[in-house]
Amino acid sequence: MRIVRDRRQVTALCREWRRRDSLKLAFVPTMGNLHDGHLALVRHARERGDRVLVSIFVNPLQFDRPDDLARYPRTLEADTKKLAEAGVDALFWPEVGEMYPDGGATRARVVVSGLSEELEGGSRPGHFDGVATVVAKLFHLVQPDVAIFGEKDYQQLLVIRAMVDSLDFPVLVDALPTVRESDGLALSSRNGRLSDAARARAPELYRCLCDTAEACLLEPDQWPKIFPELVANAQERLSAAGFRCDYLSVRRADDLGEPRVGDRDLILLAAAWLEDVRLIDNLRLQYGRFAGAR
């Protein structure tokens with residue numbers, strides 16, 4: 001596996017793959033501290049492309065709290081080994097100064113209005129501007145045919161797709177379902193910061209989403225009238241389990257708008273603090289069924 005640190009070199013490498021051998025390039029952008037969810041994206045990328053490029057870059061623009069950026073786990077040696085064993089062709093691992101030569105005070109940022117302003121965007125102002133900006137830069141440098149993301153960060157996925165559509169990036173954005181532990185906890189790089197006691201309670205977030213979804217399906221003809229009460233009950237349940245709920249909301253799956261009478265494809269989204277770790281999760285809710293499993 002080739003490791004590239006310079007943005008010009010990664011552009012030249014990807015251009016060589018495409019021009020010399022007409023190879024299809026699959027790209028998996030990450031912030032490192034890789035787990036089985038990331039490796040599932042890599043395996044899918046192997047199926048979608050002739051060459052697979054993974055990036056590891058802890059992007060300062062998307063962190064709303066300096067302490068969160070400082071504490072974000074960095075495990076490059078272990079990550080490199082996992083990627084090499086997974087058959088990745090190249091790793092792009094730039095320094096902050098390489099991605100942001102002006103020190104991070106970028107003169108231009110990508111803003112996806114509407115989608116970026118509620119839920120995660122409301123709790124973390126500027127977060128999605130940072131995400132969209134770095135992904136746009138990476139797409140420009142790599143010019144992949146397909147980019148692979150996970151559905152755990154569902155709002156982020158919609159923001160990136162909206163950016164690609166609006167700015168005419170010639171890349172297909174593909175997504176894989178959330179990968180979970182056997183007890184239902186969504187895999188996340190932040191899970192390693194949970195204490196043993198918090199880790200034992202953490203799956204309650206997913207169980208609460210599953211039970212709320214089941215309650216919604218008991219009265220599908222009452223959508224969306226029944227949602228506020230069910231959401232309030234879920235928030236109380238999480239509070240009783242030791243969570244500090246940031247938000248729990250039912251939204252339209254295609255654009256995260258508020259549900260309307262007649263909507264049949266919805267999603268439950270939640271963010272909650274457990275001790276000092278912020279967990280996010282979601283569950284697709286479609287008329288007659290939901291994508292939960294316990």
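Here is a friendly chat about a helix and some aromatic rings in this predicted model.

Me: How do you know that the length of helix H10 agrees with its number of residues?
Reply: Helix H10 covers residues 204-218, which is 15 residues. At 1.5 Å a residue it should span 21 Å, and its end C-alpha atoms are 21 Å apart, so the two agree. Among the buried residues of H10 are Leu-205, Tyr-206 and Leu-209.

Me: What makes the pair of Phe-139 and Phe-169 edge-to-face?
Reply: The structure holds five aromatic pairs. In the pair of Phe-139 and Phe-169, the ring centres are 5.8 Å apart, within the 6.5 Å limit for pairing. Phe-139 belongs to helix H7, while Phe-169 is in the loop between helix H8 and strand S6, 30 residues apart. Together with Phe-27, these two form one aromatic cluster.

Me: Why is Phe-139 called buried?
Reply: Its relative accessibility is 2%, and buried means under 20%, so Phe-139 qualifies.

Me: Why is the pair of Trp-223 and Phe-227 called tilted?
Reply: Their planes make an angle of 50°. Stacked needs under 30 degrees and edge-to-face over 60, so this pair counts as tilted. The centres are 5.7 Å apart, and both Trp-223 and Phe-227 are buried.

Key:
Residues are numbered from 1 along each chain as its sequence is written. This is a predicted model: local features need pLDDT of at least 70, side-chain atom pairs count only at pLDDT 80 or more; totals for chains, interfaces and linings use all residues. Side-chain values use heavy atoms; hydrogens and water are left out. Helices (H or I, at least four residues) and strands (E, at least two) are DSSP runs, numbered from the N terminus. The expected span of a helix is 1.5 Å times one less than its number of residues. Buried means under 20% relative accessible area, exposed over 50%, partly exposed in between (1.4 Å probe, protein chains only). Rings of Phe, Tyr and Trp (its six-membered ring) pair if their centres lie within 6.5 Å; planes under 30 degrees apart count as stacked, over 60 as edge-to-face and the rest as tilted.
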